[in-house]
Amino acid sequence: MVILSLLILNKAGGLIFQRDFNEGLKKLSSNDYLVLAGTFHGVHAITSRISPVRDSGGGLEVLESDRFRMQCFQTLTGTKFLIFAEPNQPNIDVVVKRVYELYADYVMKNPFYQIEMPIRCEAFERNLVAYIKPKQ
Amino acid sequence: MQRGDSLSSPFVPFSPNPSIQQGTPTSTPPLKHTLSSSTSSNLRYSSSRKSIYDRHLNRSQRSELSKASFAFLFGEMVQYAQKRVNGIADLEKKLNLHGYSIGQRLLELLLWREGRSAKRETRILGILQFITTTVYRSIFNKPADGLEKSRDNEDEYMLIDNDPMVNSYISVPKEMSQLNCAAFVAGIIEAVLDGCLFPGRVTAHSVPTEQLPAKTVFLIKFDESVIERESVLG
């Protein structure tokens, strides 16, 4: 299973974490990543309103093309985890859940982290890399 | 505050001794002004009128606490201290004080639990062994990872913890890299030493290695009097 990159967006749609794990994606400038995050946040909001599935409550969850697959997990508090992976990957849910667990541990329990601000927690990055790198 | 007014005043008279209570034997809800029956629950008092001071001291001996709950509480403690200090040394001192008050009580409890077989520690090695095994096991459920004596100074000893539990979720930002939140545990150790009449200073220092990035050394520096006493005892 190859995970290409991870993005985390806060409640307001701002990018708080971005990390590439593989060279499969083109490198963008940091401004481009911010624009990407903001755009996705808007698209997600719109899709949650026009969803044809009744009472689904959520917005865009999976975006698949022939080059990549993007999965979005929105928590109950509005934080969004975007995982970019190779197409036809099963079990990305497991990865997303585990990343959420790592976030809840090493970011939320860190007294030096300010909520909704960019994530600069060394323990989070260390554990994230240790979890994802062996899978490549 | 008169006892007869307990139904109309919003304050519930507090007394840890149930025999002092007068007035209605049913639980008095603090905010309602009705003649209440015992159906309305009052979180502060159990129905048998016992407070936590009436519980047996061994009741919590085998109970465990969720690590996440403690992590959140400790995180808030660190943030609370950080707002009130200016400087890393002050922050460590504040955490040390928090740990100190816990260590005082913990020492009493552990010695009481040892019961008749308890031996009062008079030698440095004895009290350090007590901390490494008994105290550490009661808090973290495992003994500390090492105990060393400093070669350069007579009065310095080092207690090693490869992965302090209080630091497991904390990432200190680069500009505060000197800070080690295990100063809290250092305070607990200092209180236990002070209570056993080994006055000194305990500080926490991080010594990360390849395999153990969170390794912490507690540097215990005893006072002059302790070293003198130790040399007299032979």
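## What counts as a pocket

A pocket is an open set of grid points with protein on both sides within 12 Å along at least five of seven lines, and its lining residues have an atom within 4 Å of a point. Keep that in mind as we look around this predicted model, beginning with a pocket that draws on both chains.

## The second largest pocket

Which residues lie nearest the centre of the second largest pocket? They are Glu122(A), Ala123(A), Ile170(B), Ser171(B) and Val172(B), out of a lining of 43 residues. The volume of this second largest pocket is about 1200 Å³.

Two elements give two or more residues to its lining: H3 of chain A and H1 of chain B. H3(A) gives the most, with four residues. Sorted by class, the lining of the second largest pocket holds 21 nonpolar, 13 polar and nine charged residues.

## The largest pocket

Now for the largest pocket, which has about 1600 Å³ of space. Its lining is made of 35 residues, and nearest the centre you will find Ser60(B), Ser63(B), Leu106(B), Ser138(B) and Ile139(B).

Four helices of chain B each give two or more residues to the lining of the largest pocket: H1 (67-83), H2 (88-114), H3 (124-140) and H4 (183-195). The largest share, seven residues, comes from H2(B). Here the lining divides into 18 nonpolar, eight polar and nine charged residues.

## The sheet in chain A

Let's move on to chain A and its strands. Five of them form an open sheet with antiparallel pairing, in the order E2-E1-E5-E4-E3. Which strands sit at the edges? Strand E2 (15-20) and strand E3 (62-64) of chain A do, and each pairs on one side only. On average, neighbouring strands of this sheet are turned by 10° against each other, direction ignored.

Take a closer look at one pair in chain A. E3(A) and strand E4 (residues 69-74) run antiparallel and are joined by three bridges. In one of these, Leu63(A) has Met70(A) of E4(A) as its bridge partner.

## Helices packed on the sheet

Helix H2 (residues 92-106) of chain A packs on the sheet, where it touches strand E1 (3-9), E4 and strand E5 (80-85) of chain A. The direction of H2(A) makes about 135° with that of E5(A).

Helix H3 (residues 122-132) of chain A also packs on the sheet, touching E1 and E2 of chain A. Its direction makes about 40° with that of E2(A).

How values were computed:
Residues are numbered from 1 along each chain as its sequence is written. Chains are lettered from A and ligands numbered from 1 in the order in which they are written. This is a predicted model: local features need pLDDT of at least 70, side-chain atom pairs count only at pLDDT 80 or more; totals for chains, interfaces and linings use all residues. Side-chain values use heavy atoms; hydrogens and water are left out. Two strands pair if DSSP finds at least two bridges between them. Axes are lines fitted to C-alpha atoms, for helices over the stretch in contact, and angles run from 0 to 180 degrees between N-to-C directions. Contact means heavy atoms within 4.5 Å. On a 1 Å grid over the protein atoms alone, a cavity is a set of points where a 1.4 Å probe fits but cannot get out, and a pocket is an open set with protein on both sides within 12 Å along at least five of seven lines; lining residues have an atom within 4 Å of a point. Grid points are joined across faces, edges and corners, and a volume is the space filled by probe spheres set on the points. Ala, Val, Leu, Ile, Met, Phe, Trp, Tyr, Cys and Pro count as nonpolar, Asp, Glu, Lys and Arg as charged, and the others, Gly among them, as polar.
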